[in-house]
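This briefing is intended for a reader working from the sequence and the three-dimensional model together. Please keep both in view while going through the points below.

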Amino acid sequence: MQFSPSNGDFTFVSSTEAEELSGTIDAQDIKLNMGSDGGKDLYATTFLRQRGYGWLLEVDEEDNEDIKPLLEELDIDLKDIYYKIRCVLMPMPSLGFNRQVVRDNPDFWGPLAVVLLFSMISIYGQFRVVSWIITIWIFGSLTIFLLARVLGGEVSYGQVLGVIGYSLLPLIVIAPLLLVIGGFDLVATLIKLFGVFWAAYSAASLLVGDEFKTKKPLLIYPIFLLYIYFLSLYTGV
């Protein structure tokens, strides 16, 4: 058998029949592209994973079902806030509201909204009062909390902050009345006293429990003074 290729030609001789076969093979063009995008991507991926940077290639796939509404993300329950507002504005036990939910299930956004609303109606002629009202709310609640703990009360700062904030609602209710009858000093004074007693009673009835026993006036009095000061920030007196 003889095989001697040259420029695509070949010669083949069979050893059995001793016949010489000759011919030509035309080789097709073969292209090898090593610079394709797929090859580059594969090389870059391998390089990053070998160097310990594979985490750069990871893509977070979030399921649409896991996306929560904004109010739920911020832990804002509008129905719960509305119910607490009704509990504060109508503090009489005979109305059947479960008022302890204001204390036992405190939230931040509801009291903050009430304090901001009270601050907004106090802006008239005294814009700087807004930041001062928020400051008094935070540190006044802290004072009531520390006093309650010293007297033996089982209450948290978040609970006091929520109750004090929600209990500003009576002062917001009487604010339009004071604008209408501002010229009648006696009537305006009575409405102011009514608003302060209303707010102080709403807060004290939630914060001052039976555990204080004979020490209740020691906590009720500073709560009453706190709401007098809140009202003074609104009236400017």
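Does Arg149 count as buried, partly exposed or exposed, and why? Arg149 counts as partly exposed because its relative accessibility is 41%, a value that falls between the limits of 20% for buried and 50% for exposed. The model described here is predicted.

**Overall make-up**
- The chain contains ten helices and two strands.
- Read from the N terminus, the order of elements is β-β-α-α-α-α-α-α-α-α-α-α.
- Of the 237 residues in the chain, 33% are buried.

**Salt bridges**
- The count of salt bridges comes to three.
- Arg149 takes part in one of them, its side chain meeting that of Glu154 at 3.7 Å, N to O. Glu154 counts as exposed because its relative accessibility is 60%.
- Lys84 and Asp80 are joined by a salt bridge of 3.0 Å, N to O. Both residues belong to helix α3 and stand four residues apart, about one turn of the helix.
- Lys84 also forms a salt bridge with Asp107, with 2.8 Å between the closest N and O atoms. This pair links distant parts of the chain, since Lys84 is in helix α3 while Asp107 is in the loop between α4 (100–104) and α5 (109–121), 23 residues apart.
- Lys84 and Asp80 are both buried. For Lys84 the relative accessibility is 0%, so this residue counts as buried. Asp107 has 19% relative accessibility and therefore counts as buried, the cut-off being under 20%.

**Second largest pocket**
- The volume of the second largest pocket is about 150 Å³.
- Helix α3 (residues 78–89) contributes the largest share of the lining, three residues.

**Nonpolar surface patch**
- Phe184, Leu186, Val187, Leu190, Leu193 and Phe197 make up a nonpolar patch on the surface, and their accessible area together is about 640 Å².
- One of these residues, Leu190, lies in helix α9 (residues 185–207). Leu190 counts as exposed because its relative accessibility is 53%.

Terms used. Residues numbered from 1 in each chain as written. Predicted model: local features only at pLDDT ≥ 70, side-chain atom pairs only at ≥ 80, totals over all residues. Heavy atoms only, no water. Patch = residues over 30% accessible without salt bridge, like charges linked within 9 Å, V, L, I, M, F, W, Y side chains within 5 Å. Areas by Shrake-Rupley, 256 points an atom, 1.4 Å probe, with all protein chains shown as cover. Salt bridge = Lys/Arg side-chain N within 4 Å of Asp/Glu carboxyl O. Buried < 20%, exposed > 50% of the residue type's maximum accessible area, 1.4 Å probe, protein only. 1 Å grid on protein atoms, 1.4 Å probe; cavity = no way out; pocket = protein on both sides within 12 Å on 5 of 7 lines; lining within 4 Å. Points joined across faces, edges and corners; volume = space filled by probe spheres on them.
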